[in-house]
Amino acid sequence: MKKRYRTVNDYYREIFGEKIFKLPIDAGFDCPNRDGTVAHGGCTFCTVSGSGDAIVAPEAPIREQFYHEIDFMHRKWPEVQKYLVYFQNFTNTHAPLEVIKDRYEQAINEPGVVGINIGTRPDCLPDDVIDYLAELTERMYVTVELGLQTTYEETSELINRAHSYDLYVETVKRVRERAPKAEIVSHLINGLPGETHEMMVENVRRCVTDN
């Protein structure tokens, strides 16, 4: 059936030439919006696991999680042999660079890994981390998934996002300058309290035109 939109599955097929798995991993990072670095309590939409509810074995070591996820997905798609490691829950650059490197390398050197997706926030990408991501782009496909959710400051305050839209724009520019081969994905949430259809469309327009 023809879809009215391009799915992530279709997009990755275009890049890699075949179906791949995106394996969610809990690497044990915290979030600056929960640990007091910028705020407490977290965003109002976030679960206690930091969006990691679908991870098969979140308490296992990183390498074990990797193989648990593969085994789970192979039940439906046994033929798939290429993987994207998705550091998903909480903020996966909220740590010193050496800690980040250690945790990433535990998974991305496994057989079949063709890329890494990193869920993070605009306020957790210092230059040394971006430079490391630039190094990774010489080895594999790298996506930086930036949680933005809205471009409206009043909504951002309502959901306790604890960073500004201007900071998001600045961070996107720094990533593009220092790690030009990295792909950037911006997360938006439609239907946030008080946002009209026109505001939702404007969120997308700003993400496209301001960056």
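**Close-up views of a predicted model**

**View 1. Asparagine 160 sits in the loop between helix H5 (153-158) and H6.** Helices (H or I, at least four residues) and strands (E, at least two) are DSSP runs, numbered from the N terminus. This is a predicted model, in which local features need pLDDT of at least 70, side-chain atom pairs count only at pLDDT 80 or more, and totals for chains, interfaces and linings use all residues. Residues are numbered from 1 along each chain as its sequence is written, and side-chain values use heavy atoms, with hydrogens and water left out. Most residues other than glycine have a negative phi. Asparagine 160, though, has a positive phi, near 60°. Its relative accessible area is 25%, so asparagine 160 is partly exposed (buried means under 20% relative accessible area, exposed over 50%, partly exposed in between, with a 1.4 Å probe and protein chains only).

**View 2. Alanine 162 is also placed in the loop between H5 and H6.** Here phi is positive too, near 65°, in a residue other than glycine. With a relative accessible area of 33%, alanine 162 is partly exposed.

**View 3. Tyr104 and Ile116 touch the most other members of the largest nonpolar core, which has 41 residues.** A nonpolar core is a set of buried Ala, Val, Leu, Ile, Met, Phe, Trp, Tyr and Cys residues joined through side-chain atoms within 4.5 Å. Elements that each supply at least two residues of this core include strand E1 (21-25), helix H2 (62-74) and strand E3 (113-120). H4 gives the most, with 6 residues.

**View 4. Which residues is isoleucine 116 in contact with, leaving aside its neighbours within four places in sequence?** Among them are Leu84, Phe87, Tyr104, Leu136 and Tyr141, where contact means heavy atoms within 4.5 Å. Tyr141 also belongs to a second, separate core of 5 residues, which includes Tyr12, Phe16 and Ile20.

**View 5. The second largest pocket has a volume of about 310 Å³.** On a 1 Å grid over the protein atoms alone, a pocket is an open set of points where a 1.4 Å probe fits, with protein on both sides within 12 Å along at least five of seven lines; lining residues have an atom within 4 Å of a point. Its volume is the space filled by probe spheres set on the points. Strand E5 (183-188) is one of the elements that supply at least two lining residues, and E5 gives the largest share, 5 residues. Among the lining residues are Tyr168, Arg176, His187 and Asn211.
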